[in-house]
Amino acid sequence: MSQSSLVLNQVQEEVQAHRQSEYPINPVFLNRWSPRAYSNQQVSDADLFTVLEAAHWAPSSYNDQPWRFIVAKTEEQLAVFHQFLNEFNRSWADKAPVLILVASDKTRANGDANPAHTFDAGTAWGYLALQAKLLGLATHAIGGFDKTLARSLLNVPEEFELHAVVTLGYQGDVGILPEPLQEREVPNNRRPLQEVIFEGSVSK
C-alpha cells in the first residue's frame, strides 16, 4: 500500500497519541501537521507542481484566484529565501528542499480592491498542505520573516501582500533539530469543538 493510501485510510501512529477528533473525519485532516525536521530527500517537480495545482483549485471570491506562489528549489534560490527568514526559523527551515512564499493580489482584474484576497490565499494554503500530505510530504507555514526584505530581494510588486513562507519536503529524523525544538516535534491538538462554534449568535 502506498504512503498516500495510508494517509487516506488510517490515522498515523505518530498522530494517534496526540489527536482524536470528536466526530468522524477523513484521517488526512488529523495526519496533517507541521513538523520542522526535514530529510535531505529532494521533492520531484511532478510532486511540487501537483501540490501547487491543488492549491490553484481553491475557491475564491468572484473566482479572482488572488493567490501567488514564489517558489525556491535550487541552491541559489533557497539561499535568497534564507536571507529573509528570521534566525529561529532558519535554524530548522534551512534543511527544507523547497520553500514557497504565499502572496495574494490585493486588487481585482478591474482595479477594484479585493477584500477577500487574504481569506482566499489562506484557503489555497490549506489545499496545498492537504495535497502535500496525500503525497507523503510535510509542510510548515512560517510567519517569521522580513517582508520588506523579501519584497526587495524577490522583486514583488506592491499590489501583492506577502503572507507566509511554506517549507515543503519529506519529514526527517527529530535528532537533526536543535535540542529545544526536539520536544516540540509532535502533532499538536485542538481545543474542544464547542469552544469555537456558536449557534445563532455569540453569547456573552
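How do the residues of the lining of the second largest pocket divide into nonpolar, polar and charged? In this predicted model, the division is 3 nonpolar, 3 polar and 5 charged, where Ala, Val, Leu, Ile, Met, Phe, Trp, Tyr, Cys and Pro count as nonpolar, Asp, Glu, Lys and Arg as charged, and the others, Gly among them, as polar. Local features need pLDDT of at least 70 and side-chain atom pairs count only at pLDDT 80 or more, whereas totals for chains, interfaces and linings use all residues. Residues are numbered from 1 along each chain as its sequence is written, and side-chain values use heavy atoms, with hydrogens and water left out.

The second largest pocket holds about 150 Å³ of space. A pocket is an open set of points, on a 1 Å grid over the protein atoms alone, with protein on both sides within 12 Å along at least five of seven lines; lining residues have an atom within 4 Å of a point. Grid points are joined across faces, edges and corners, and a volume is the space filled by probe spheres set on the points. The lining consists of R19, R32, W33, S34, R36, H140, R184, V186, P187, N188 and R190.

The largest pocket contains about 370 Å³ of space. Its lining has 16 residues, of which Q20, S21, L30, R190 and R191 are the closest to the centre. By class, this lining comprises 7 nonpolar, 4 polar and 5 charged residues.

A cavity is a set of grid points where a 1.4 Å probe fits but cannot get out. The count is 1 cavity of 30 Å³ or more. The largest cavity has about 50 Å³ of space, and its lining is formed by N31, R32, W33, P35, A129, K133, L137, A138, T139 and Q171. Helix 7 (117-134) and strand 3 (138-142) are the elements that give two or more residues to this lining; helices (H or I, at least four residues) and strands (E, at least two) are DSSP runs, numbered from the N terminus. The cavity lining has 5 nonpolar, 3 polar and 2 charged residues.

The axes of helix 5 (residues 75-84) and helix 8 come within 8 Å and cross at roughly 155 degrees. Axes are lines fitted to C-alpha atoms, for helices over the stretch in contact, and angles run from 0 to 180 degrees between N-to-C directions. Helix 5 and helix 8 are therefore roughly antiparallel, a class that takes angles over 145 degrees.

At the start of helix 8 (residues 147-154), a side-chain oxygen of D146 lies within 3.1 Å of the backbone nitrogen of T148. Helix 8 is followed by N155, which has a positive phi near 55 degrees.

Technical notes
A polar contact is a pair of N or O atoms within 3.5 Å; within protein, one must be able to donate a hydrogen and the other to accept it, and residues adjacent in sequence count only if both atoms are side-chain atoms. Angles under 35 degrees count as roughly parallel, over 145 as roughly antiparallel, 65 to 115 as roughly perpendicular and the rest as oblique.
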